Structure formats: C-alpha cells, structure tokens
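Subject: Structure for your files

Hello,

Here is the structure you are taking over. My notes on it follow below the entry.

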Amino acid sequence: MRTKLLGLAIVTLLVSCKEEAKVVAQKEIKQYTIEQFMDNESVGGGSFSSDNSNLLVSSNKSGIYNVYTVPVKGGEMTAITQSDSTSISANSYFPKDNRMLLSADGNGDEINHLFVRELDGTIKDITPEKGARSDFYGWSKDDNYLYYGSNKRDPSYFDVYKMSVDGYVSEMLYQNNDGLDFSGISENENYFALSKSVNTNDTDLFLYDAKTKEMTKINTNLSGNSSQDFSKDNNTFYYTTDDGSEFAYLMSYDITTKEKKKVIEKSWDVSGSGFTSNGTYMTVYANEDGKNVIDVLDAKTMQPIRLPDFGANSITSVSFSDNEKWMRMYVGGSNAPSDLYTYNLETKEQHKLTHVLNDEINIDDLVTAKVVRFKSFDGTIIPAIYYVPHQASATNKVPAMVLVHGGPGGQTRQGFSSLFQYMVNHGYALLAVNNRGSSGYGKSFFKMDDLNHGEKDLQDCVEGKNWLATQPEIDGEKIGIMGGSYGGYMTMAALTYAPEEFDVGVNLFGVTNWIRTLKSIPPYWESFRTSLYKELGDPYTTDSIRLKRISPLFHTDKVTKPLMVLQGAQDPRVLQVESDEIVAGVRKNGVPVEYVLFEDEGHGFVKKENQIESYSRIIKFLDTYLKKENAPIDGAKETIEIEEVKS
C-alpha cells in the first residue's frame, strides 16, 4: 500500500485562427459566481437500511457536512443531524435496525469519535475518551458487534476492538505493540490482516492467527502490498502487490496451504477489491490514468456483470445492500459532480437520487479535462490534467496556473472540482501536474522524488509551465503556481528557488519548514514515521542540513513575486506557524502578500462559507496580479496585506 501522506497525446489545433475565432464567437459562456459554484452539493457514502428502503449519506447541502437519509427509489432527503460547526459523517446503518453509526472530529483536528443516533433521535458518543481517535472498521458476521480501531491505550498505535450493539461494551481483539496497521479481519475473527510500512512505497503484509498467536509474513520480497478481503469461508486471503511489476495486481493466498495465485492484473494499478456480503460479487477498482475504472465480477465465474451505461460520465464508486439485490453508485466526470444512483440487480430498475449540480449552472459551460503529457528536463514523461476555458484560443489567449497536488505522493485525478471549474470559468487555464513522485504511474515513477523534494519535482513543474507557454491559447507571460499541503510547499519552493519562473503563487496550508513539520507529525502517524523519514529525511540526523536547504522559510529573501497564503488554525499536519512565518518573511521583501486564516478549519477547508471566502479571494488575487486587472499603478507602493480570520 502506498502511503505517502503529506492530500494523452497532446491535442493539436486543427482549425485556422479565423475559424477558431468564429467558433469562439458563437459559443457564449456564462460566467458564474463562486456562490453559484459552491451551491453544488457534495454527497458521500450510502449505507442501505436493513429493509433496503433508505440510504444513509453525508451531504454539505446545509453548508457543512451533515447526515441525511434518502429513499432508495428517490425522494426528499431527511436531515438526521443539523450541525452548524463540526462536520458529521455517515458511517453505516446498524445491520438489524435503523440506528445509525456516525463520526465527527473537532473542527478538523482529525480526532474522530464514533456516535450512535438512537431510534429515539438522541445521539451518543460511544468512544468518548478525550484525545483518542476512533475509526470504524465494519460489522461482525452475526451483526451483533461493530469493529473499530482506537489509540486510547497508546496515542501512537491503534488497537482493534469489537463493541456490542447492545450496551456498547468494548472488548479488545488485538493489542498493537509492534506499530502495525490493521487492514482487515476474517468473518470468523480468527485472522487479522496487518501491515508494516517499510518506506512510502513498500509495505510488509502479515496474517495474525488469533488462536495460535502466530504471525505469518505474506510477502517474500520488498514490495508494495495491501490487504483487500477474506473469502467467505475464511480460507483465502486477497491482497494487492507490485512484487516484480510496476503496477499493483490482485493475488490470493490459501491460508492452509500457503499457496499464492495471481487473480487479476491490469495495465494500471488494481487499487482495491472486495466481496459483497454473501460473496456473490467481487468489486475491483483500477486507477487508469487518474480515473477510477470499476468492474463488478460474478465471484464464481470471475466474469464482469453488465452495469448501466452513463455515456461520457463514469461510475466512480459502488456498494451493495446486505441481501445483494441493490447497488448504489456514484456517477460523474471532470465536468460533472458525482450524483448518487441506485440499481436493482434483479429488476434492472435504476433511480437517480440526487441532482448535485446547481440548477443555475449550464453543464455546457463547464470544461472537460484532458490528459496530456510533456517531457521534463531529463526526458522523463510527466502526466498532467489540463483544463482549458471554452473562450480560450490563439486569438484570445488566457493566463494559466500550474497546480500541484498534496502528498508528496498524491495524484490529481480526473474528477470534478468546483474550485477548478470556477477558475476556468473565470478565464484561467489549469495544468494539474502529476510530477515525479506521484502515485498511479508505476512504482519507479513514484520513487523518483525520494530525498529529492524541491529539486527535480520542482523542475517538472517548471517544465509544465514551459509546456503551457507553447500552447497557442495560453498567454505565456501570465503563468502562476498553486497547491495545497505538499503542493503548497512546491508553490513556495517555486517562488524561492525559481523566483523568476512563475508570476504569482497561491499557497494553501503548505509546508515551509520541513524540520519542524517532520518533528511535529501527529502521534497517530507513528507507524509511518520511519517511512516518511526515509523519503523526506530524518530531521534528527545530518539530513537536517538538506531539509533546511529545501525549506522555503529559510530563504524568503529570494521571493519577488506576489504571494497568497491560506491556512486553517486547527491543522494538525501543517501547523499554522508554518504560514504565519512564511508570510512575515516574505513581507519583509516588500512583496505583495495576502494571508487568509480560518479559525475553524483543519487540513483543508470543508465549510462552504469558508470555501466561498477563500476561493473568491484567490480569484481576486489572480485578477489583480496575474491578469493584472485593477493592478497597482507602476511605482506605487503596494500595501495590500490582508489577514482575515473566520470564526
């Protein structure tokens, strides 16, 4: 399992400038406000009630994530929670009744607790231990217990518990003394799948026998391995591995004979697999060029069943009811947010439960992303996702932004983003660069940025800018860089170490002092600490010399271009001080700096009110300093140093 933690061919123009200008003139694009874009609804989850009459989902329709029910054949959503501060997520209906299992943290602090919404409507915290995080793992075969992980015994490690559905009494099933990570349990509770991170790509995989106390290592070679599921007879364990391959494939392991067999291999990573409740179907996910591709297989024949066809959009997620008669699906694309559907496998009836795109927005005004590739400085081929405004052409060139994902080992995928569509709708082309070190393109590519951050990966982003500048629809003199978390670091690295390459930078909660960040990772990341240090460097050794060299905070005097920084005060991963100090340092240069701080957000902004504030401020900043609309008069001293605190 890849655990970096810190989030096509190029199309040539086939029409003349004159013809293209004519097309653009005929295509009238309406410009929408950020409020209209953020009025899109985001829905997630989808647990079936025991009688299959309703689904339990999470939605941000109220402006913050709350829990709702919706009839399985369509109808009005019913609000279950009405929080106006902390997001609440739907985990599952209880298997035998209409109680609901929910989870919430404290305004982005990532200390999740589990809650039960009782039949009378009261909500109870069933993991109330202060400062301890609890994560839902699933239900027992007899439906009398729920499994969960908690670090209440030791803040650094998660033990495995089961809790009775009557009385909510907990019993420890596995005490984690070795820094292993739980990743599955057989239905007879005899076998536990456990993993140990070796580095950010490679993971050792183990089966623990609860009866004999024997621990068996599954992989024989250093490789990326990830638990997927157990067979219903508890005799076979399924896992993915990239042993001997660039990409992960699905394997089976006979627990009795220890025989291994390759089950499914594709040209891309098999990123997930699992059985339905009775074992009739196996679901297989693949990450194909930054896009989910899903197969639902008949578990006996291993042949795919026929799924509904949604044309240009694709099915991005599925799950099944316990009786395996109903399937819920999310369907969307880069230009369409994912809607929730249900599908009856017996009658073939299909129901669309949500309409998440704001009715005021014409989908034809939105942009479909393209996958492109360009050569970097050393010949390495870099994949990227490219969004081009409808109005852009050789005679109507537009400014552009290079986008960098989080991670470091993340990946920008072909999904819908209200922020991306808002920026494109307002005349900015976007190139989301999946620089070396990104996941999804093979393990060799994934490892290429190890102990090399802020160097070759930064050069990939610069080459992305250079590629943009050659596109006929792009104004090569107006290209900026933007990203969150690791992408925020890359933004600051670009402005610091390549100060003349980009015209502006937008840093969302980015690392600026690697030494401090690597020393202050949350305690519940302890099992990944060694892996992170192998990739990024150990701040307690001579690696600190390099870490200081690549940390923008110590080189702020080199920044010459306008900068915007956005940060959540509750962020446990990238502390607020990272942004405070980089802003103070850059302002000493007399460079325009805008700082937006949210008191009630963590690592990423989830409240619509804050998203509207931050995204609208980003566009205003770019309009001023990249498009140079309403720019300061030449020679005038720039005094815009705004610090906004949202409560």
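Strands here are DSSP runs of at least two residues, and they are numbered from the N terminus. The model is a predicted one.

Thr276

Thr276 sits in the loop that joins strand S21 (269-275) to strand S22 (281-287). Is Thr276 buried or exposed? The cut-off for buried is under 20% relative accessible area; Thr276 has a relative accessible area of 5%, so it counts as buried. Its side chain makes a polar contact with the side chain of Glu324, at 2.6 Å. Leaving aside residues up to four places away in sequence, Thr276 touches Lys232, Tyr281, Phe320 and Glu324.

Strand S3 and its two partners

Strand S3 (residues 66-71) is largely enclosed by the rest of the structure, because five of its six residues are buried. S3 pairs with strand S2 (residues 54-59) in the antiparallel sense, over six bridges. Within that pairing, Val57 stands opposite Tyr68 of S3. The hairpin of S2 and S3 has six residues between the strands, and Gly63 there takes a positive phi near 105°.

S3 also pairs with strand S4 (residues 78-79), again in the antiparallel sense, over two bridges. Which residue of S4 is the bridge partner of Tyr68? That residue is Ala79. S3 and S4 form a hairpin with six residues between them, and Gly74 in the turn has a positive phi of about 105°.

Helix H3

Helix H3 (residues 418-425) is mostly covered, with eight of its eight residues buried. The buried residues of H3 are Ser418, Leu419, Phe420, Gln421, Tyr422, Met423, Val424 and Asn425. What do they pack against? There are two helices on the list, H2 (34-38) and H11 (608-625). The strands on it are S30 (381-387), S31 (398-404), S32 (429-433) and S33 (474-484). After H3 comes Gly427, with a positive phi near 95°.

The largest cavity

Rolling a probe the size of a water molecule over the atoms shows where empty space is left. The largest cavity holds about 40 Å³ of space. Its lining is made up of Ser156, Tyr157, Phe158, Asn176, Leu180, Asp181, Tyr524 and Ser527. By class, that lining has four nonpolar, three polar and one charged residues.

Regards

Note on methods:
Residues numbered from 1 in each chain as written. Predicted model: local features only at pLDDT ≥ 70, side-chain atom pairs only at ≥ 80, totals over all residues. Heavy atoms only, no water. Helix = DSSP H or I, 4+ residues; strand = E, 2+ residues; numbered from the N terminus. Buried < 20%, exposed > 50% of the residue type's maximum accessible area, 1.4 Å probe, protein only. Polar contact = N/O pair within 3.5 Å; in protein donor to acceptor, adjacent residues only side chain to side chain. Contact = heavy atoms within 4.5 Å. 1 Å grid on protein atoms, 1.4 Å probe; cavity = no way out; pocket = protein on both sides within 12 Å on 5 of 7 lines; lining within 4 Å. Points joined across faces, edges and corners; volume = space filled by probe spheres on them. Nonpolar A, V, L, I, M, F, W, Y, C, P; charged D, E, K, R; others polar. Pairing = 2+ DSSP bridges.
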